[in-house]
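These are my notebook entries on one protein model. I record what I looked up, in the order in which I looked it up.

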Amino acid sequence: MKSILKRFFNKPLPNISIMGLDAGGKTTLLYKLRPSKVNQTIPTIGLNIEAAEIGALPHFKFVARVADVGGCGRFYSLVRYAMMDETVSALIWVVDAHDKDRLGESVEELATLLHGGLGKDENYAPGMPVVILANKIDLLPDCKVPETFRAEFEKLLKGRRFAYFETCFQDYTGLEEAFTWLKNEISPEAKPTPAPEKKPVEHVLSDMRSPAALSAKLETWLERAETDPTSADELVEQLEALDLPSWDHYTHLRLAYILLLKHGRRIGKDKIFDGFKSYIDKSGKVHGKSFHMTMTYFWVQMVHLGLAGMQDRNSHTLKADSKEEDDSGSLLEDDFAHFLAVNPYLVDGQLWADYYSKELLMSPEAKQGVQFPDIKKLPDVLVPRATVKREVEKWEVDSVTSTVL
């Protein structure tokens with residue numbers, strides 16, 4: 001694999017990264033510019049990176065790196081490693097102009113890539129030219145893109161070298177103008193910087209779900225759970241008030257744990273669905289995101305599995321400054337740190353990939369309603385102890401093996 005990377009990325013040609021949300025048309029663009037076979041070099045969890053040497057214009061050849069970006073969260077440092085190292089000359093950001101509902105999401109993902117998020121001060125690769133391609137204009141009335149598209153990106157990219165073009169990849173509309181601008185922005189005399197000797201990209205990306213990485217993440221989460229000053233009741237109140245301190249995988253799991261523990265699955269599940277959807281729709285803190293029914297159902301199932309496997313601990317009491325009782329009349333304990341320690345596999349944010357294909361989970365049907373897995377069946381929460389025991393033992397064995405290796 002290292003030889004393949006050198007073959008593509010060490011050529012005396014400009015390296016250009018082509019990124020954007022899924023279904024924007026990036027692969028179509030690659031095939032239009034280079035009709036022959038695209039070489040898929042690094043298929044990974046969370047990213048689908050391809051590379052190809054293409055000639056967009058006469059006397060302008062470059063190596064293209066293509067990746068789907070969206071919902072990467074904590075993996076953005078790896079996205080940058082793979083797609084925006086010092087050898088990259090420019091960034092092409094593809095936007096589906098026909099899908100206006102995802103404009104905010106596209107802007108947010110680009111902001112996270114370049115600035116660490118909307119409103120952040122970080123400025124990654126400030127000298128890199130950026131091209132925005134508003135694609136699929138043929139699907140719009142009179143082929144006119146709303147002014148909001150250009151305005152959103154102009155505000156985000158103020159102070160950078162960037163250009164905006166309205167395109168249709170199917171008939172090449174706008175592509176000649178876009179690549180002519182790009183060619184002029186890339187100095188023909190500039191020599192590409194040799195790729196430094198470092199850990200191969202595909203190895204780094206594969207480590208995201210390695211036992212060592214998950215073990216380190218578990219330690220961080222345990223420390224966070226043990227020192228978190230926010231009580232269970234306070235966290236639920238913040239969800240209802242649309243004012244959570246963070247909206248990340250840890251917070252999602254802790255809220256699911258609290259609501260299922262306090263109310264049981266039947267009521268707790270509805271409170272999770274309603275609470276999460278309301279927060280996404282109304283808080284104004286989750287830019288461009290939409291409620292994902294199947295993803296939420298999956299994690300409810302996984303948290304319920306962990307709770308059911310700890311049935312012998314039902315004598316807890318809730319230490320969260322709350323006098324609310326559950327249906328049985330007993331107070332419940334907020335012991336999220338212990339819950340994580342007993343169910344360590346929950347820290348794996350990509351756990352869904354063991355059960356769902358990306359095609360199914362990212363489909364509109366999965367976002368709008370619950371879809372069942374197409375890879376393997378979800379664990380049965382009615383007979384959880386053996387299942388949880390197997391998961392934990394497997395996780396521990398893998399961790400030990402990784403440490404030994």
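Entry 1, the surroundings of K376. I asked which residues K376 contacts once its neighbours within four places in sequence are left aside. I found D354 and Y355, where contact means heavy atoms within 4.5 Å. D354 is 22 residues from K376 along the chain, and I noted 7.3 Å between the two C-alpha atoms. I placed K376 in the loop between α14 (364–368) and α15 (384–404); helices (H or I, at least four residues) and strands (E, at least two) are DSSP runs, numbered from the N terminus. K376 has a relative accessible area of 40% and is therefore partly exposed; buried means under 20% relative accessible area, exposed over 50%, and partly exposed in between (1.4 Å probe, protein chains only).

I worked with a predicted model, in which local features need pLDDT of at least 70 and side-chain atom pairs count only at pLDDT 80 or more, whereas totals for chains, interfaces and linings use all residues. Residues are numbered from 1 along each chain as its sequence is written, and side-chain values use heavy atoms, with hydrogens and water left out.

I recorded 15 helices and seven strands in the protein chain. Of its 405 residues, 49% are buried. Among contacts with a separation of 6 or more, 71% join residues 24 or more positions apart.

I asked at what angle the axes of α10 and α11 cross. The axes of α10 (residues 249–282) and α11 (residues 293–308) cross at roughly 80° and come within 9 Å; axes are lines fitted to C-alpha atoms, for helices over the stretch in contact, and angles run from 0 to 180 degrees between N-to-C directions. The two helices, α10 and α11, therefore count as roughly perpendicular, the class for 65 to 115 degrees, with under 35 roughly parallel, over 145 roughly antiparallel and the rest oblique. On the α10 side I listed residues including H249, Y257, R265 and F276; on the α11 side, M293, W299, H304 and L307 are among them. The residues of this contact of α10 with α11 divide into 14 nonpolar, four polar and one charged (Ala, Val, Leu, Ile, Met, Phe, Trp, Tyr, Cys and Pro count as nonpolar, Asp, Glu, Lys and Arg as charged, and the others, Gly among them, as polar).

I checked the span of α4 (residues 103–115): its 13 residues reach 18 Å from first C-alpha to last, close to the expected 18 Å, which is 1.5 Å times one less than the number of residues. I found 12 of the 13 residues of α4 buried, including E105, E108 and E109. G116 follows α4 and has a positive phi, near 85°. In the loop between α4 and β6 (130–135) I located A125, which has a positive phi near 50° although it is not a glycine. A125 is partly exposed because its relative accessible area is 24%.

C143 sits in the loop between β6 and α5 (147–156). Its relative accessibility is 38%, so C143 is partly exposed.
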